[in-house]
Amino acid sequence: MNTTPDRFAYLTNVADTTAAIANGIAWQPGDNVVLVQGEYPSFVLPWTRLAQHGVESRFARSQGIETDLDAIEDVIDDRTRAVIISHVDFNSGYRNDLAAIGTLAHAHGALFVVDASQSLGAIPVDVTAWGIDALVCVGYKWLMASHGIAVLYVSERAQEQIVPTAPGRYSVRSGWPFPDYDLDWAGSAIRYQGGALNWIGVCALAESLTLQDEIGGDVIAQRVIELTDLLIDKLDALPVEITSSRVPEHRSSYLTFTLGSIERDDALVDSGKAANVLFGRRGGGVRVGTHFWNDESDLDRLVALIEQAAR
Ligand SMILES: Cc1ncc(COP(=O)(O)O)c(C=O)c1O
């Protein structure tokens, strides 16, 4: 991720990591947050809840599955305190151009906050090059850890602007093992981590990161994209409409498609359950995802089911 270990805290899920950021900013009535349509609720609701403090949530108009940078620019102004967006959209698998969106946010002095739950572990993330101020990510998806563990990244610059709102023993520098209750925040991002963690989840995350590190993030990303390419080729030979972006820089480990009707898409998902192949019902169609441990024989099983349902 191109950063240092002191920039991380570990919490439970995207709802609480996002709330740690959203609630920690010193909002003034009339401030606003810029979002795009279709984000995962846990990443949105901590911001829309701020309406009770006079903070407006401004949703940029949407352009199909693609993120329209002009639409984001149209709603940003100098009262924008945060621009929030997912790296990879959970419905369509559309991968956003974070460097460009981060530049827009910073041009207005806003914090740039990213949900990387659908990329980190499969697609490389560079918080420094892309100017990310805060990043949240669940442990149970591409990071292959478990439920109940989530990653929070906060840059040094953002840490100056975001106060811990659920502090505990890990948040402060002094007072352990002789508590003095002083709020002298830890120097690192661990200040956002309150009490004891889901240590089982932490162990799972540590093991999985060790494995991913051994293989190499670039090797994993290359394999994931290779598998998605192969799947696109196979689906192009069937009466299936691919609804994900085909543009290489906007692709990810997800692919969505439709067999042309709700009934056919539903039937495919049901046939998958019977064959132990899990399809997601997302983005108005069907979503499939491949990770580095999948191989061509997995794709063959998947495509055989799709072919059968498409007949
Ligand atoms: C983009 C994204 N963010 C967050 C989550 C999960 O949120 P939480 O950890 O609050 O359950 C998901 C789950 O699918 C997701 O796709």
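**Strands and their neighbours**

Mentor: Begin with the layout. The chain splits into domain 1 (5-212) and domain 2 (216-310), with bounds from an automatic or database domain assignment. Their C-alpha centres are 29 Å apart. Where they meet, domain 1 gives 15 residues and domain 2 gives 19 residues; contact here means C-beta atoms, placed from the backbone, within 7 Å. The side of domain 1 that touches domain 2 has seven nonpolar, six polar and two charged residues. Nonpolar means Ala, Val, Leu, Ile, Met, Phe, Trp, Tyr, Cys and Pro; charged means Asp, Glu, Lys and Arg; the others, Gly among them, are polar.

Two ground rules. The model is predicted: local features need pLDDT of at least 70, side-chain atom pairs count only at pLDDT 80 or more, and totals for chains, interfaces and linings use all residues. Numbering starts from 1 along each chain as its sequence is written.

Now the whole chain. It holds nine helices and 11 strands. These are DSSP runs, numbered from the N terminus: helices are H or I with at least four residues, strands are E with at least two. The radius of gyration is 21 Å, close to the 19 Å of the globule rule for 311 residues, so the chain is as compact as a globular protein of that length. That radius is taken over C-alpha atoms, and the rule is 2.2 Å times the number of residues to the power 0.38. The C-alpha trace spans about 70 × 45 × 30 Å along its principal axes.

Next, the sheets. Strands of a sheet pair through backbone hydrogen bonds, parallel or antiparallel. Here, two strands count as paired if DSSP finds at least two bridges between them.

Take the seven-strand sheet. It is open, its pairing is mixed, and its order is E1-E7-E6-E5-E4-E2-E3. E1 (8-11) and E3 (56-60) are its edge strands, each pairing on one side only. Neighbouring strands are turned by 20 degrees against each other on average, direction ignored. Axes are lines fitted to C-alpha atoms, for helices over the stretch in contact; angles run from 0 to 180 degrees between N-to-C directions. E1 and E7 (residues 150-154) run antiparallel, joined by four bridges. Leu 11 faces Ala 150 in E7. Helix H1 lies across E1, E5 (111-115), E6 (134-138) and E7, at about 165 degrees to E6.

Look between E6 and E7. Met 144 is in that loop. Met 144 is not a glycine, yet its phi is positive, about 60 degrees. Most residues other than glycine have a negative phi.

Now the four-strand sheet. It is open and antiparallel, in the order E8-E9-E11-E10. E8 (241-242) and E10 (280-282) stand at the edges with a single partner strand each, so one side of each has no neighbour in the sheet. E9 (residues 254-258) pairs with E11 (residues 285-289) over four bridges, in the antiparallel sense. Tyr 254 has Gly 289 of E11 as its bridge partner. Helix H7 (residues 217-236) packs on this sheet, touching E8 and E9, with its direction at about 15 degrees to that of E9. Helix H8 (residues 262-274) lies across E9, E10 and E11, at about 35 degrees to E11.

Last, the ligand. Helix H1 (14-22) and helix H2 (41-48) each supply at least two residues of the shell around the ligand. That shell has seven nonpolar, five polar and one charged residue.

Key:
Two residues are in contact if their C-beta atoms, placed from the backbone, lie within 7 Å.
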